[in-house]
Amino acid sequence: MGFLTEHEHGKSKVRLGRTWRDAKENAHYFVEWEVCVRLISPEMEKAYTSGDNGGMTTTDTTRNMCYVVAQRCKERTSMEEYAIRLARTFIETYPLIDGVSVTVDQAPWERAKVRGGVEHSHGFTFSSGIRTCFVNVMRERMDRPTVTSGLKDYRVLKTTQSGYEGYIKDKFTKLGETNERILATAIDCVWTYDLEGGIDTSKRKGWFGNNNSSNNNNIDYDLVYQRVLENIKDQFFGDAQRGVYSPSVQATLYNMGDAIVNNIKEVKDVKFTLPNIHFIPMTPNGGDHKFNDDVYIATSEPHGTIAATVSKRNETAEIRSRL
């Protein structure tokens with residue numbers, strides 16, 4: 001006899017758009033979300049072992065609830081606040097659900113700028129980088145959801161102020177040292193929130209009224225996201241004219257993480273994954289022309305991958321003890 005050791009059900013790739021019309025600002029706000037919901041319901045073991053669907057929350061219901069909760073967000077709402085409200089709604093509505101995990105990816109729509117940089121009231125353009133979040137809510141801890149936010153495939157490049165020197169060179173190494181190269185990557189990063197640090201970025205109440213506020217910690221998730229982006233760009237690009245030199249992807253990764261955890265009190269730690277996007281120097285026309293930092297072969301594979309976590313607190317000893 002086989003034993004069912006774990007199970008879950010839910011709905012993936014639920015895509016929705018939400019518009020808010022702000023009469024005071026005479027502007028529309030728009031988000032496009034892709035939602036994944038996982039329902040934890042130990043009582044529904046019988047659906048697997050006995051074919052008994054009694055009490056089951058269907059995946060069709062799960063999909064529809066994503067749209068219902070989006071409509072209930074009467075004021076502009078961050079993806080994290082939406083995910084918390086969605087998870088709580090499932091637990092409050094269906095007594096056999098013990099826990100809910102919600103993942104939301106937000107498409108990079110940005111307000112369009114026209115005629116000299118003026119922001120359009122209701123026009124949007126598609127840019128780079130997918131904002132993402134993961135929320136987990138358990139019935140016994142409804143007031144303490146776990147929230148992780150992040151950014152995927154945020155592409156950045158600079159044409160100078162980068163090099164790579166001093167590494168091991170042996171018979172297997174073909175890479176030559178340089179202090180002048182293109183540095184490009186597609187940033188993936190996720191950060192967790194410091195719930196012990198006196199979070200107080202926003203005095204506002206939850207987006208859903210005084211009762212059942214989705215945001216007990218008063219975190220302004222949108223503001224944190226913007227500040228993370230600012231710190232990433234500051235450390236990667238540097239001053240608009242002088243730039244900042246990068247001796248390696250590793251060093252730039254650490255500088256970005258160090259700035260985030262020191263400048264944003266709400267962030268506990270941040271994990272980066274940075275694949276190299278290579279631009280290989282090319283001499284065209286069979287060597288008739290000398291390479292002058294001008295023509296490159298653009299490649300995507302294979303690529304190096306650099307990953308690390310930077311934290312406010314020194315957890316190295318604890319991490320090593322688990323290895």
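The model is predicted: local features need pLDDT of at least 70, side-chain atom pairs count only at pLDDT 80 or more, and totals for chains, interfaces and linings use all residues. Residues are numbered from 1 along each chain as its sequence is written, and side-chain values use heavy atoms, with hydrogens and water left out.

**Exercise 1.** Classify the ring pair of Phe 291 and Tyr 296.

Solution. Rings of Phe, Tyr and Trp (its six-membered ring) pair if their centres lie within 6.5 Å; planes under 30 degrees apart are stacked, over 60 edge-to-face, the rest tilted. The structure holds 11 aromatic pairs. For Phe 291 and Tyr 296, the centres are 5.4 Å apart and the planes stand at 85 degrees, so the pair is edge-to-face.

**Exercise 2.** Find the ring over which the charged end of Lys 158 sits.

Solution. The criterion is NZ of Lys or CZ of Arg within 6 Å of the ring centre and within 35 degrees of the ring normal. The charged end of Lys 158 is 5.3 Å from the centre of the Phe 236 ring and sits over it. Arg 131 lies over the face of Tyr 225, 4.5 Å from the ring centre.
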